[in-house]
Amino acid sequence: MSPESLDQYRVIIVDDEPLIGSALVQLFELEGIPAFATSEPKSIIERIDINWPGVLISDVNMPELNGISLMQSLIKQDNDLPIICLLYTSPSPRDQRGSR
């Protein structure tokens, strides 16, 4: 379910993995920071207002629209919007062998 307005949130998280978005929302809300997560990056482009007073955190590797393209689209709308792009990967078999 998506809220009608994003104005009440100070952090928007965009990630195609819903569990990661939910975990990040919980971390921010434990600190008293209103946060919202979505797995639909295109919906954020249409809904975020110019001068929205928050920060957007986005995964880079997403199938529908990658985080870099999302960032470029949002910067065209609001050049001052703070955006953090996250790039994380699963450990490779080589990494797992090294931890034994």
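Which residue in β2 does V14 stand opposite? Select V14 and look across: the residue is T38. Keep in mind that this is a predicted model.

**Stop 1: the strand pair.** Now select residues 11-14, which make up strand β1. Show its links to β2: 4 bridges join the two strands. They run parallel.

Stop 2: Widen the view to take in 4 strands. Read across them in the order β2-β1-β3-β4. The sheet is open, and its pairing is parallel. Next, colour residues 35-38 and 83-86, the edge strands β2 and β4. Each of these pairs on one side only.

**Stop 3: helix α1.** Select residues 18-30. This is helix α1, packed on the sheet. Helix α1 touches β1, β2, β3 and β4; to find β3, pick residues 55-59. Compare directions here: that of α1 makes about 175° with that of β2.

**Stop 4: helix α3.** Move to residues 67-77, helix α3. Helix α3 lies across β1, β3 and β4. Its direction runs at about 170° to β4.

Stop 5: Where does N79 sit? Find N79 in the loop between α3 and β4. Is N79 buried or exposed? N79 has a relative accessible area of 60%. Exposed means over 50%, so N79 counts as exposed.

Technical notes: Residues numbered from 1 in each chain as written. Predicted model: local features only at pLDDT ≥ 70, side-chain atom pairs only at ≥ 80, totals over all residues. Heavy atoms only, no water. Pairing = 2+ DSSP bridges. Contact = heavy atoms within 4.5 Å. Axes fitted to C-alpha atoms, helices over the stretch in contact; angles between N-to-C directions. Buried < 20%, exposed > 50% of the residue type's maximum accessible area, 1.4 Å probe, protein only.
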